[in-house]
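Q: Could you walk me through a few side-chain details of this one, starting with the charged residues and then moving on to the rings?

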Amino acid sequence: MQRKPLLGTIAVLSAFLPGIIATSSPLFADETIKPAVVYSTGGKFDGAFNQSAFTGAEKFKTDTGIDYREFELRNDTQSQQAIRTFARDGHDPVVVIGFQQASALAEVAPEFPETRFAIVDMVVDQPNVQSVVFREHEGSFIVGMLAAMASNSNTIGAVGGMDIPLIRRMTCGYQLGAHYVKSDANVLVNFVGTTGAAWNDPIRGGELTKTQIGKGADVVLQLAGGTGIGVLQAASDAKILGIGSDANQNGLHPGQVLTSMVKHVDVAVYEAFKAAREGNWQPGIKSLGLAEGGIDWALDKNNRDLMTDDMKLAAKQAKADIISGKITIHDYMTDNTCPN
């Protein structure tokens, strides 16, 4: 009997299975590859999620000399056609970016059983699909700590893109981190919308940021893809601090971005291509967090002066304690609640 794709909550899997769940030997022999990437909506130069994927693909091209094909979705309805076209043309592996493409991949993957697929940010249960998920709440906990420590008003904010459990996992981690260092911190949370358009509306992102600033927020985290560019711009214009996400966005407004919660989609793409080339590709679930280097917070020349020694020490210690298990962070996606 053919297995049905798993398209629901990935919380338990990503929380308790930090490695790859797969067969013990490679599914495919080593061979020449023709890799391809299907980006999520918002464009590959969204300054966040897609751009990180692009960076990983470009690094692989630079390191190996192997080129790749790519497609930028204008809307989610194009996903199935794009994935199928790449597979039909012999591209392998095909990496798709974003949870919105899970249904499309679940439909196409069984049609091409010899093609290796990977999806970032969702689980698709097919024998030729690798599902890469992240423990984002680990990173958002740390930037929540830093936001609370940097705040003078004791009010911080977060602007999410599409209102989905994945983003609520991050806003929950952010709140828990803030309350870990300041139990009375006020954390404001808003979402842009409930459709894929929420990832590509920087004007609306800026408006929500201004609303939070009007309520006293002096540090605002963006969790909104391309929309987040508007969040960081509004924060910079108001002379408060923004926090980036997905990619290192510290350099977008140097001295105005406190830090970034980095989600290494670039690593996921690079490793999928590399494993296919070397014959080590495995199907199943790959969960990345602080311990695996899939999640981190960013410190560089653009934000170093914003960080006190106490803040850097607190973040370093929290990272070590999360990895060791001394600090456990509630995962919103286990029960759709945030214990605040």
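Q: Before we start, what should I keep in mind about the model and the numbering?
A: This is a predicted model, in which local features need pLDDT of at least 70 and side-chain atom pairs count only at pLDDT 80 or more, while totals for chains, interfaces and linings use all residues. Residues are numbered from 1 along each chain as its sequence is written, and side-chain values use heavy atoms, with hydrogens and water left out.

Q: OK, where does Asp46 sit?
A: Asp46 lies in the loop between strand E2 (36-39) and helix H2 (49-64); helices (H or I, at least four residues) and strands (E, at least two) are DSSP runs, numbered from the N terminus.

Q: What is in contact with Asp46, then?
A: Leaving aside neighbours within four places in sequence, Asp46 is in contact (heavy atoms within 4.5 Å) with Gln51, Gly225, Gly226 and Ile229. A polar atom of the Asp46 side chain lies 3.0 Å from the backbone nitrogen of Gln51.

Q: Back to Lys263, which residue forms a salt bridge with it?
A: Asp121 does, with the closest N and O atoms 2.8 Å apart. The pair links distant parts of the chain, since Asp121 is in the loop between strand E5 (117-120) and strand E6 (129-134) and Lys263 is in strand E11 (residues 257-263), 142 residues apart. Asp121 counts as buried at 6% relative accessibility, and Lys263 is buried with a relative accessible area of 1%. Asp121 and Lys263 are linked with Glu136, Arg169 and Asp331 in a network of salt bridges.

Q: How many salt bridges are there by that rule?
A: The count comes to 16.

Q: Switching to rings: how many aromatic pairs does a search of the whole structure find?
A: The search finds four, where rings of Phe, Tyr and Trp (its six-membered ring) pair if their centres lie within 6.5 Å, and planes under 30 degrees apart count as stacked, over 60 as edge-to-face and the rest as tilted. Phe45 and Phe54 form an edge-to-face pair, 5.2 Å centre to centre with 75° between the planes; Phe45 counts as exposed at 55% relative accessibility, whereas Phe54 is buried at 16%.

Q: What about Phe60 and Phe273?
A: Their ring centres are 5.3 Å apart and their planes at 70°, so that pair is edge-to-face. Phe60 is in helix H2 and Phe273 in helix H9 (residues 265-278), 213 residues apart, and both are buried. Together with Tyr270 they form one aromatic cluster.

Q: Why is H5 largely enclosed by the rest of the structure?
A: Helix H5 is largely enclosed because 14 of its 15 residues are buried.

Q: Last one, is Ser245 buried or exposed?
A: Ser245, which is found in strand E10 (residues 241-246), counts as buried at 1% relative accessibility. Leaving aside neighbours within four places in sequence, Ser245 is in contact with Ala48, Gln222, Leu223, Ser260 and Met261.

Definitions and conventions
Polar contact = N/O pair within 3.5 Å; in protein donor to acceptor, adjacent residues only side chain to side chain. Buried < 20%, exposed > 50% of the residue type's maximum accessible area, 1.4 Å probe, protein only. Salt bridge = Lys/Arg side-chain N within 4 Å of Asp/Glu carboxyl O.
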